[in-house]
Amino acid sequence: MSVRVAYSSVHTAADQGDQPPVQGPLPGQRLAAVGEERAPPGSVVEVAPPTRTRKWRVFPGRNRFCCDGRLMTSRQPGVFYLTCALIVITTGLFLAFDCRYLSVHLTPAVPVAAVLLFIFVMCTLLRTAFSDPGIIPRATADEAADAEKRTEVQGPSGPVQVPQRIKEVEVRGVTIKLKFCFTCKIFRPPRASHCSVCDNCVDRFDHHCPWVGNCVGRRNYRYFYLFLVALSVDCAFILGLSVTTLVLCSMESNFLTAIKESPASLVEAIVAFLSIWSVLGLAGFHTYLALCNITTNEDIKSANLKAVNVSSIYSYGSLCTNFLEVVCGPMQPSLIDRRGIVTLSIDENQTSVPTSSFIHPPPESGNFENHAGLFYPPIENQTFDNSKVPILTN
């Protein structure tokens, strides 16, 4: 969509035949701006056509995208880098020092199991951190306008017109209120919530985890759960075998000598020991949530779900079915087309102004600039009708 300047009956002395009338720019052109290279002020230059770009480049949420929109995460990674560093460094020390000793004195399967565990932990971590958690697209302009339609409610002094901000739906015989999101301009579906960190509404929102640097929702919860379970096993594996290394070494001499010969084993054991309690506790807590088919957000905010336990409105009736549905259920497709093509209008490129903008009448002499940043040369000996001034049209 191009922008042109339309002149509507500007009465000047040139209209009387004294000089040729001033010609405005043609469609697809504009007047040169002050300081614009390759064109003197006031000359006519071509307007750049609307640009086409990927949708992730204009995504409204606070997210970062990599690999041309194929990967996405939060703009605030939190302690995600610390998580990666602890896992990589601890496993690297274990492979470099303990595995060489244990493969000879215990079994050659130790390094193989350590590598497989490390790969599985990192795959689930990266899959959780760099995937769409289930973001719900924001309302379009028409949908937002429809949401602003007013309904009549009874006020203290009589009926008043107010926008509807709560809708009610029924799920398995239970009435649930859908809240209106003022940022996304939508009524959030059941189990959805707006993340204040990523600034998105997320379907089946569990929580925003700083350790993985992303929201945890419908589309990445299973990978988050598998990451917790695998990391718990990995911590226990490294803790047990690093202590085994120290014990076997101390049997040949003494414990202090064993620490001097393999100090990395002591470091690994301390890191694994300090980490396993929180990680194992989280894994157990999310196992409980998966068995009940509820989220962390629901468990914290809803006392009713705690009261009815697994017989909540979202339960499938058995612990096994709930667990399989959460961890092994079908994967929902992403609702945001990150790599789709969108055509940006000139307004979105900040090269024009809305149709309602107008140009103030210029002074009798001297340069002036309108709201759109279009520069006009001095105009002399011209009279203007203030009711008929140049306007911008689309």
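**A guided reading of the predicted model**

Thr73 is part of strand β6, which spans residues 71-74; helices (H or I, at least four residues) and strands (E, at least two) are DSSP runs, numbered from the N terminus. The structure is a predicted model, in which local features need pLDDT of at least 70, side-chain atom pairs count only at pLDDT 80 or more, and totals for chains, interfaces and linings use all residues. Residues are numbered from 1 along each chain as its sequence is written, and side-chain values use heavy atoms, with hydrogens and water left out.

Thr73 has a relative accessible area of 5% and is therefore buried, where buried means under 20% relative accessible area, exposed over 50%, and partly exposed in between (1.4 Å probe, protein chains only). When its neighbours within four places in sequence are set aside, Thr73 is in contact with Asn63, Arg64, Ala129, Phe130, Gly213 and Asn214; contact means heavy atoms within 4.5 Å.

Two helices may be considered next. Helix α1 (residues 80-105) and helix α6 (residues 263-292) have axes that come within 9 Å and cross at roughly 145°. Such axes are lines fitted to C-alpha atoms, for helices over the stretch in contact, and the angles run from 0 to 180 degrees between N-to-C directions. From α1, the residues Thr90, Leu93, Phe94, Phe97 and Asp98 make the contact, and from α6, Ala264, Ser265, Val267, Glu268 and Val271. Sorted by class, this contact has six nonpolar, two polar and two charged residues (Ala, Val, Leu, Ile, Met, Phe, Trp, Tyr, Cys and Pro count as nonpolar, Asp, Glu, Lys and Arg as charged, and the others, Gly among them, as polar).

Charged pairs form a further topic. Side chains of opposite charge can pair when their charged atoms come close. A salt bridge is a side-chain nitrogen of Lys or Arg within 4 Å of a carboxyl oxygen of Asp or Glu, and by this rule the count comes to eight.

One of these salt bridges joins the side chains of Asp337 and Lys55, at 3.8 Å from N to O. Asp337 lies in the loop between α9 (319-328) and β17 (341-344), and Lys55 in the loop between β4 (51-54) and β5 (63-66), so this pair ties together parts that are 282 residues apart in sequence. Asp337 is partly exposed, at 46% relative accessible area, and Lys55 is partly exposed at 34%.

Arg339 forms a salt bridge with Asp68, with the closest N and O atoms 3.1 Å apart. Because Arg339 lies in the loop between α9 and β17 and Asp68 in the loop between β5 and β6, the pair links parts that are 271 residues apart in sequence. Arg339 is partly exposed, with 28% relative accessible area, and Asp68 is partly exposed at 29%.

Glu298 and Arg191 form another salt bridge, their closest N and O atoms being 2.7 Å apart. Glu298 belongs to helix α7 (residues 296-301) and Arg191 to the loop between β12 (186-187) and β13 (193-195), so the pair ties together parts 107 residues apart in sequence. Glu298 is buried at 10% relative accessibility, and Arg191 is buried at 14%. Salt bridges with shared partners also join Arg54, Asp68 and Arg339 into one network.

Confidence in the model remains to be described. The chain has a mean pLDDT of 77, and 69% of its residues reach 70 or more; pLDDT is the predictor's confidence in each residue, from 0 to 100.
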